Amino acid sequence: MKSMKHKLNRGLAAAALLLCGTGLSYAQTADLTINTFDASADGTGNEWGTGTQLWDGSNGNPPGALLVTAGFSNSSDTPCTTYICLNGNPWYVGTAINFSQYKSIEFDIKWDTTSDISVSQFNDVSTIPLTATNSSGQTILNSVLNAGSIGGLEVDLCGGSGGQMAPTIITTNIPATAANGWVHMSIPINAAMSGLDGCSGIVFHKWLSQYSNQIANDFQGRFWIDNVMLQGTAGPPPPPTVTPLTKANQGLNLFASTEGNAFYDRQSVRVVGNTGKSWVGHATAGNPVTYSFTIKNFPQDPATYGCEAYLFLNPNPNFNDNAPDWNETNCVVAFIQQGATNAVMHFQYKVNEGNNNQMYSSGGNYTNVPGSWDGVTANYLETGDLGSVSTAGSAVGTWTLKFTSDTNVTLIAPDNTTSSFIIPPYNAPYFAETTGFNVYLGMQANNSATINKAVVYSSFTISGTATPFSANFMTNTILDTNAWDSSVSTGPRGVLIVPASAAYWASWSLPSAGYSLQAGGSLNNLSTWTSPSMYSLIGMQGINAQLVDSSELPAGNAGFFNLIQRTFTQLQILLPGETNAPGTATGKVGTPLPQSTSGFTVVTVNAVDASYHIINGVIDQIELSTTDSQAFLPSAMSMVNGTAVFSDSNGVLFQSTGSQTITATDISNSGIAPVTSSPVTVGP
């Protein structure tokens with residue numbers, strides 16, 4: 001047992017954590033073959049975009065390989081999104097993989113020299129000459145193509161907690177020698193990354209930035225992939241290390257929690273009701289339109305003007321983008337940054353500018369000053385930073401954008417300092433709402449000091465518009481999904497409401513498969529310790545983090561926290577109306593709610609220990625059966641962090657009324673006995 005001790009004393013607000021291990025089962029991990037493509041391209045496909053995949057029996061060693069075609073077109077910024085999974089895909093995790101238990105991703109690659117571009121041009125598309133042609137002899141470019149900040153080929157994981165494409169393992173060039181024949185590539189896996197476990201496979205992504213109208217005629221780059229495998233480890237990973245508890249901040253927390261290039265990842269929530277939210281056509285001196293938000297906590301940042309809190313206003317969106325300031329044609333950006341002695345809000349905008357952003361070029365300035373357009377010159381770009389307001393001290397407090405007409409804007413700082421300016425009249429109409437008006441509230445790290453820290457908001461209001469909006473995050477216990485959409489975040493798990501009852505954050509390093517948190521008031525009687533489980537585990541950059549509620553703190557003046565690796569011994573089934581309750585006789589509380597033959601029944605299956613604590617890291621496949629012989633049953637599903645949730649169209653659809661039960665079977669581990677649910681009443 002290894003331990004780190006810090007005492008938790010309620011009066012001193014200190015903390016105590018112990019690192020304990022019981023039943024440690026780490027051992028050498030054998031190599032795992034994902035696909036050799038000797039016979040087929042099973043488990044492969046295209047996530048989205050214009051790319052294709054095809055099994056090629058004439059290439060490879062031995063013969064058989066996957067031919068990947070990256071299709072460059074004005075219709076997509078992702079010419080290649082090829083996934084290679086083990087018995088599944090990014091949407092259905094057939095056989096899950098704990099990538100943290102492997103040293104590297106291994107594969108062979110070969111460039112198809114009959115492609116329209118060379119391997120070096122694929123790696124850096126800006127080097128493709130304007131005279132280049134495709135296989136039909138057509139000129140392929142109108143102007144220089146730009147991949148933005150991502151060149152080469154990106155290798156991601158897919159499925160599991162990260163969804164379709166997370167986390168990013170590496171961005172690398174295809175070796176130039178791949179144009180001469182097969183090249184073996186070995187991509188190291190950093191076991192300290194979050195989101196590695198429970199994934200279904202890997203994804204090869206090729207990204208573009210300024211693709212729109214840059215491409216004259218479609219063209220292709222092609223390469224073969226073969227012998228995809230994972231190299232096992234020679235020994236067990238070290239146990240996780242823990243850090244002292246940190247105090248939780250009540251409100252809407254937006255953490256810079258993503259892996260990879262997290263500096264510029266947008267962590268946002270979007271107002272779901274996106275009609276009647278524009279100021280254009282509504283704001284007057286007598287009826288001002290305001291967008292107002294209160295920052296409750298801002299990360300301490302040694303860099304000058306690093307982390308930013310932001311508001312995006314995006315009229316008539318093409319999509320619910322993660323980065324509307326970059327991807328959408330028209331967007332207002334109001335962002336706050338904190339310096340050594342003051343905090344500043346900047347107001348920027350772009351108009352009629354799709355799929356790229358001159359607003360962020362040359363230090364955030366265009367060539368021309370605001371209002372200087374002659375009314376004739378086409379594609380005339382003006383300054384992105386139209387105005388700003390500052391306040392002494394920190395960014396904490398209420399910030400407001402106030403419009404008294406389509407063009408008149410006033411910025412108001414927390415100390416009521418104001419700054420007014422005018423949007424050029426010929427640009428204001430771009431922000432009129434016709435098909436919707438997306439409003440985003442969020443944060444962007446911009447530097448390493450902000451990673452795993454949060455901007456915290458306490459409230460947000462829109463007033464004076466056709467459909468006003470108001471949110472008080474201090475009264476919520478969870479994010480209201482009827483009002484807010486967090487899927488626009490790069491890492492939605494790092495966007496959450498911290499309620500008033502939450503006391504501390506506990507965190508520990510990765511990998512930590514199988515470890516969970518315990519709490520107790522005395523080191524002399526570990527049998528009385530309990531497991532905080534009111535809040536879900538959140539994977540951040542290099543750590544797992546878990547909220548601890550006030551009700552879960554040990555009684556008395558002192559408390560200790562124990563990080564323990566539990567042993568998976570049994571399954572648990574929860575039906576709607578039931579909740580996991582570790583340490584109780586049945587391991588759950590509540591009674592199953594009546595179900596209907598007209599809708600799917602949600603079934604939750606947990607991997608638990610002898611006292612019904614959920615075991616983090618279990619990825620076994622679970623299969624369901626039922627006493628209703630006519631029921632429609634879902635396909636088997638892999639657990640993610642010890643839980644499989646069969647929901648929506650992947651739930652159980654009963655066909656017979658009366659009392660029914662559901663049985664879950666672990667088809668990955670014959671040593672785990674099947675378990676049967678509580679009886680549930682099924683009606684018509």
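Predicted model: local features only at pLDDT ≥ 70, side-chain atom pairs only at ≥ 80, totals over all residues.
User: Why is the pair of F122 and F223 called edge-to-face?

Analyst: Rings of Phe, Tyr and Trp (its six-membered ring) pair if their centres lie within 6.5 Å, and planes under 30 degrees apart count as stacked, over 60 as edge-to-face and the rest as tilted. The centres of F122 and F223 are 5.9 Å apart and their planes stand at 70°, so the pair is edge-to-face. By this rule the count comes to 23 aromatic pairs.

User: How do you know that F122 and F223 tie together separate parts of the sequence?

Analyst: F122 belongs to helix α1 (residues 119-123) and F223 to strand β15 (residues 219-232), so the pair ties together parts that are 101 residues apart in sequence. Helices (H or I, at least four residues) and strands (E, at least two) are DSSP runs, numbered from the N terminus.

User: What makes F122 count as buried or exposed?

Analyst: Buried means under 20% relative accessible area, exposed over 50%, and partly exposed in between, with a 1.4 Å probe and protein chains only. F122 has 0% relative accessibility and therefore counts as buried, and F223, also at 0%, counts as buried.

User: Why is D648 called exposed?

Analyst: D648 counts as exposed because its relative accessibility is 60%. D648 lies in the loop between β44 (643-646) and β45 (658-660), and it has a positive phi of about 50° although it is not a glycine.

User: How do you know that the charged end of K206 sits over the ring of F122?

Analyst: A charge sits over a ring if NZ of Lys or CZ of Arg is within 6 Å of the ring centre and within 35 degrees of the ring normal. The charged end of K206 sits over the ring of F122, 4.6 Å from its centre, and that of K110 sits over the ring of W224, 5.2 Å from its centre.

User: What makes the bond between N61 and P62 stand out?

Analyst: Most peptide bonds are trans. The bond joining N61 and P62 is cis, with omega about 0°, and P62 is found in the loop between β5 (52-56) and β6 (65-72).

Key. Residues numbered from 1 in each chain as written. Heavy atoms only, no water.
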